[in-house]
Amino acid sequence: MERDAALDRVEEIVDAVESETLPVPIREVWVYGDVALGLDPLDRLDVYVTKDILLRGDPDAAEEFEQSHGVKGVGKSVRAEWAREHPNLLRANANGYAAPEKCLAAHLLPDDDEPVHLEVCNASFEDNVTQRLKGAVTREAYEQILDPRGVCLYADGQRSPDAMEKLRQSEFAFPTLSGALEMLGLEGDEADTAVDAMRAYRAEQTGTSVRGDVV
């Protein structure tokens, strides 16, 4: 993916978060990994969003969409307003409940052939980097580690005034991935093992992918 096209896609995502009704409220938007490092072209574009919970449920919508679309939880896990505006983008998990991460991907990334990965979590990027690292090390599931080298583009209703321009100019400086993991507490050999697992897993991904996480 050409870098300019990737950053254009990122700007479209931030624009949508700022101005459109989305399945759930979004508190943060980050990019991480290759795009933050300034690589061109990118193998994949990695985007992280922090979602907020819905404060008020809509039991009428839940019943309405369960009957009309066979999807449970509308008005509880995703906004009823959004579902009524975009019923074609409603996505469910294996249990038949509306899946916020899948709905967000359908809305924000309409072309499912693009090499884009979307991470959706209730925790901030920095908190989730730490939590995912701990869990991955405990299970020796190193491929699940989040690359900690990220750039925040949007937080708490405000777009960063200069982060996008710095991304376009490749002005951010980060350590190597193994170096970043060592800064988070991994020893050298384990950091190298983790990097190999992360890269191998990433190389297997094709098209648009999405992961929902709860911390």
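Which residues lie nearest the centre of the largest pocket? In this predicted model, Y32, D46, M198, Y201 and R202 hold that position among the 27 residues that line the pocket. The volume of the largest pocket is about 580 Å³. At least two lining residues are supplied by each of α2, β3, α9 (188–203) and β6 (209–213), and α9 makes the greatest contribution, with five residues. By residue class, the lining of the largest pocket comprises twelve charged, ten nonpolar and five polar residues.

The interior was examined next. In soluble globular proteins, nonpolar side chains tend to be buried together. The largest nonpolar core of the model contains 31 residues, and within this core V29, V47, L104 and L153 touch the most other members. Two or more core residues come from each of the helices α1 (3–19), α2 (34–37), α5 (100–108) and α7 (163–168), and likewise from each of the strands β1 (26–32), β2 (45–51), β3 (116–121) and β4 (150–155). Helix α1 provides the largest share of this core, namely seven residues.

The surroundings of L153 were considered individually. Leaving aside residues up to four places away in sequence, L153 is in contact with V10, V14, V29 and V31, with Q158, R159 and S160, and with A163, M164 and L167. Another core, of 13 residues, lies apart from the largest one and includes A61, F65, L90 and A98.

Notes: Residues numbered from 1 in each chain as written. Predicted model: local features only at pLDDT ≥ 70, side-chain atom pairs only at ≥ 80, totals over all residues. Heavy atoms only, no water. Core = buried A, V, L, I, M, F, W, Y, C linked by side-chain atoms within 4.5 Å. Buried < 20%, exposed > 50% of the residue type's maximum accessible area, 1.4 Å probe, protein only. Helix = DSSP H or I, 4+ residues; strand = E, 2+ residues; numbered from the N terminus. Contact = heavy atoms within 4.5 Å. 1 Å grid on protein atoms, 1.4 Å probe; cavity = no way out; pocket = protein on both sides within 12 Å on 5 of 7 lines; lining within 4 Å. Points joined across faces, edges and corners; volume = space filled by probe spheres on them. Nonpolar A, V, L, I, M, F, W, Y, C, P; charged D, E, K, R; others polar.
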